[in-house]
Amino acid sequence: MKFSVSREVFEKLDNVCFGVIVAKGIDNTLEKSEIIEKLNQAIQDCEEKFKDTKVKELEDILYYRDAFKKLEINPNKFMSSIEAMLTRTSKGKGLPSISPIVDLGNAVSLKYMVPLGAHDIDTLNGDIEVRFSKEGDTFIPLGSEEIETLEDGELIYSAGDNVRTRRWIWRQSEQGKITNESKNIFLPIDGFTDKNYESVISTRDELASLLKDIFSCNIKVGFIDKNNTEFEID
């Protein structure tokens with residue numbers, strides 16, 4: 001099984017890059033007070049730092065908004081996941097605690113202001129790929145049972161014709177969500193080689209270290225850009 005990014009993606013966004021973590025052997029059923037503390041601290045830091053700020057005008061967020069425009073995605077209608085989280089926390093609305101893995105990912109994502117995904121490897125049907133959609137691709141929004149059918153040309157995370165994330169880093173699907181039963185998890189971090197490369201790598205390395213320390217799980221890390229478009233998950 002592998003993670004890959006289509007060459008067509010780099011033709012559209014030549015500077016896009018992906019930090020990669022594969023964590024295997026996780027027990028996501030146990031409450032971890034240290035994770036809740038990290039999440040609460042990250043939320044508090046963002047609220048204090050950005051309470052009087054227009055999040056969409058932050059330089060780190062403009063990177064993603066500009067990329068969305070290149071992809072013909074309206075960033076005002078479809079905010080990237082990191083913009084949505086920062087907007088919510090800056091308004092004092094916090095974030096819900098979902099599960100240890102998701103909470104830990106959100107804490108590190110907020111700290112470095114980069115989007116972070118999480119996919120249950122055991123629900124994947126084949127390879128996972130970042131590519132442009134084709135007719136027949138289907139998506140079930142998180143928390144829904146309704147099937148959406150995509151048109152050609154939308155940037156997605158996919159496993160076969162099953163769309164795992166729509167509009168690149170906008171919304172994740174129901175099929176790949178992390179649950180308390182998730183044991184083997186693929187975590188991509190999306191960024192740009194010439195904009196926030198250091199943040200992508202710092203997020204990857206800090207999260208990988210925390211996962212290993214807290215969960216005593218097996219960790220594998222990688223990196224994808226236009227010069228290295230594939231990563232072996234297994």
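1. Angles under 35 degrees count as roughly parallel, over 145 as roughly antiparallel, 65 to 115 as roughly perpendicular and the rest as oblique. The axes of α2 and α4 cross at roughly 75° and come within 8 Å; α2 and α4 are therefore roughly perpendicular to each other. Axes here are lines fitted to C-alpha atoms, for helices over the stretch in contact, with angles running from 0 to 180 degrees between N-to-C directions. Helices (H or I, at least four residues) and strands (E, at least two) are DSSP runs, numbered from the N terminus.

2. This is a predicted model, in which local features need pLDDT of at least 70 and side-chain atom pairs count only at pLDDT 80 or more, while totals for chains, interfaces and linings use all residues. Residues are numbered from 1 along each chain as its sequence is written, and side-chain values use heavy atoms, with hydrogens and water left out.

3. On the α2 side of the helix pair, Ile43, Cys46, Glu47 and Phe50 meet Leu86, Thr89 and Ser90 of α4 (contact means heavy atoms within 4.5 Å). Four of these residues are nonpolar, two polar and one charged.

4. The largest pocket holds about 980 Å³ of space. Its lining has 33 residues, and Ser81, Met85, Asn106, Leu142 and Gln172 lie nearest its centre. Two or more lining residues come from each of α4 (81-90), α5 (100-112), β9 (171-172) and β10 (184-192). A pocket is an open set of points on a 1 Å grid over the protein atoms alone, where a 1.4 Å probe fits, with protein on both sides within 12 Å along at least five of seven lines; lining residues have an atom within 4 Å of a point.

5. The second largest pocket holds about 230 Å³ and is lined by 14 residues, with Ala42, Asp45, Ala107, Leu110 and Lys111 nearest its centre. Elements giving two or more residues to this lining are α2 (33-50), α5 and α6 (197-215), and α2 gives the most, with seven. Eight of the lining residues are nonpolar, one is polar and five are charged.

6. The structure holds 11 salt bridges (a side-chain nitrogen of Lys or Arg within 4 Å of a carboxyl oxygen of Asp or Glu). One of them joins the side chains of Lys24 and Asp234 (2.8 Å, N to O). Lys24 belongs to strand β2 (residues 16-24) and Asp234 to the segment after β12 (230-232), 210 residues apart.

Technical notes:
Grid points are joined across faces, edges and corners, and a volume is the space filled by probe spheres set on the points. Ala, Val, Leu, Ile, Met, Phe, Trp, Tyr, Cys and Pro count as nonpolar, Asp, Glu, Lys and Arg as charged, and the others, Gly among them, as polar.
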